[in-house]
Amino acid sequence: MTSNEESIDDSLSERLVKCDENKVVNCRSSTDNIEGHKLRHGTDSFPNINERPVDDISIELFYKPHSISLLLISIGAVIYFAFTRNTTNVEENIWTGILCIIFFFLIISVLTFPNGPFTRPHPVVWRLVFGCSVLYLMGLLFLLFQDYETVRKIFVWIDPGLASFHIDMDKEYGVNCSEITIEKIWNHLDIFAVAHFLGWTFKAILIRHLGILWAISVMWEVTEIAFAHLLPNFVECWWDAFILDVLVCNGLGIWVGLKICSLLEMREYKWVSILDIESTTGKLKRAMLQFTPGSWTAVRWLDPTCTYMRFVALCQLVIFWQVSELNTFFLKHVYEFPPSHPFVVARLVLVGVIVAPSVRQYYMYVTDPTCSRVGTQCWVYGAIMVTEALLCIKHGAALFEHTQALNILLWLLCQSLVSVLCVYGCVLWHQYFEGTWFTLQTLWTCWKRSDYKQIHDKKRST
């Protein structure tokens, strides 16, 4: 080998080592950065995940408080509706009063509540989300101190159509599992299958860890088996549970979600003020991009040096996720809602929006040693999850009388064991295999580069 070829190989190896070191530094420094904001040594990162400031404000009008204007508009609206509407209908009066309370509470939320960890498309959006989560929690706490008949009457008063629906009117599940046909499988790929796929895509974007996602996916099927004697829609054919659910909907959703995350991580974020864009098309495109993330931080739930507390926190994440999913089905069954009822859909949308900042705040609390407390949105969501579970237990007492204790005990044992094994396996992967895997990926990336191909072709020609 000539000296020129040796210098080429040395420079290439140096580039590989430098690329590897930069990747490791970036991953390990992710706990010291919050969406690109570097923290000073010894500072508490809690304010940045609880009320993150907006950087590079280009249009000042949209980020000024306008508190006096908002107060005048709110009072004017109340005066108009209070003195101009007909008050002879008692039910309409009650509805209007409730809506007025919600309206003013959300106004106060916009003025006083924290932004949370996100600022796109606008901090006001996430303050409203936090306000809706607090309202939902207050409603759950109110229902918790009522008896079942009172709660049922409240729902029927809101939607009189619920009076004629009972949960045993729903369709049958898990019938004729031995008869497997193309038509039967195709009929199972309905709108709920699409929602299932989109839900797992959303979960993958939130969690961004293949091992944790697959642990939650597999354990959810175990959860369905354990609670099938209580919830009829958990009774599924084996091919529906493990092929359509786990492999098709869950697996494809996880793959698509992680693929989106990898694309967002590789994207170069250079934001230009809409005022500096001359063309109308460019301005419209920039306005639409306001609804995309301002930056994208690589998530690293585990590393080879993670503490036992982080290990326990991730096990809790797997179990809490199962409880939150269970609440959806138990609430629908206990209070007898059709699967596509607006109450069910609205709750799923609300919880989905609440979970996004909650997971981010939980991640920073778990991985960032400078974060001394959990974020307020995550705290509220934890209270919502527990309150929903208490509601199901209290008002579903007749349902839980048929509980098979052995199934529940085996479920708890399996949940604990699988969550621990999953997290421990992820730790071993990060400790022993991630470095080798990353080196192979780096070599493959550099191989695809044109400059490396040119070097290799030159060496082969000589």
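**Figure 1. Accessible surface and overall make-up of the predicted model.** The accessible surface of the protein chain comes to about 26900 Å², and 68% of this belongs to carbon and sulfur atoms; areas come from the Shrake-Rupley method with a 1.4 Å probe, and for residues only the protein chains shown count as cover. This is a predicted model, in which local features need pLDDT of at least 70 and side-chain atom pairs count only at pLDDT 80 or more, while totals for chains, interfaces and linings use all residues. Residues are numbered from 1 along each chain as its sequence is written, and side-chain values use heavy atoms, with hydrogens and water left out. The secondary structure comes to 17 helices and 2 strands; helices (H or I, at least four residues) and strands (E, at least two) are DSSP runs, numbered from the N terminus. Of the 462 residues, 39% count as buried, where buried means under 20% relative accessible area, exposed over 50%, and partly exposed in between (1.4 Å probe, protein chains only). Of the contacts with a separation of 6 or more, 75% are between residues 24 or more positions apart; contact means heavy atoms within 4.5 Å.

**Figure 2. Helix α4, residues 90–112.** The end C-alpha atoms of α4 are 33 Å apart, which agrees with the 33 Å that its 23 residues should span at 1.5 Å a residue; the expected span is 1.5 Å times one less than the number of residues. At the N-terminal end, N89 caps α4 through a side-chain oxygen 3.0 Å from the backbone nitrogen of E91. Such a polar contact is a pair of N or O atoms within 3.5 Å; within protein, one must be able to donate a hydrogen and the other to accept it, and residues adjacent in sequence count only if both atoms are side-chain atoms. L106, I107, S109 and V110 are the buried residues of α4, and their cover includes α3 (67–84) and α5 (123–144).

**Figure 3. Aromatic pairs.** The whole structure holds 17 aromatic pairs; rings of Phe, Tyr and Trp (its six-membered ring) pair if their centres lie within 6.5 Å, with planes under 30 degrees apart counted as stacked, over 60 as edge-to-face and the rest as tilted. One of them is the edge-to-face pair of F113 and F130, 4.8 Å centre to centre with 70° between the planes. This pair links F113, in the loop between α4 and α5, to F130 in helix α5, 17 residues apart. F113 counts as buried at 18% relative accessibility, and F130 is buried at 9%. F234 and F329 also form an edge-to-face pair, 5.0 Å centre to centre and 65° between the planes. Here F234 lies in the loop between α9 (210–226) and α10 (238–266) and F329 in helix α12 (residues 308–334), 95 residues apart. F234 is buried at 4%, whereas F329 is partly exposed at 22%. Ring pairs also link Y148, F155, Y335, F337 and F343 into a cluster.

**Figure 4. S324 in helix α12.** S324 is buried, with a relative accessible area of 10%. Beyond its neighbours within four places in sequence, S324 is in contact with R347, Y381 and M385.

Figure 5. The peptide bond from R120 to P121 is cis, with omega near -5°, and P121 lies in the loop between α4 and α5. R208, in the loop between α8 (191–207) and α9, has a positive phi near 60° without being a glycine; R208 is buried at 19%. E336, also not a glycine, has a positive phi of about 55°. E336 lies in the loop between α12 and α13 (342–367) and counts as buried at 14%.
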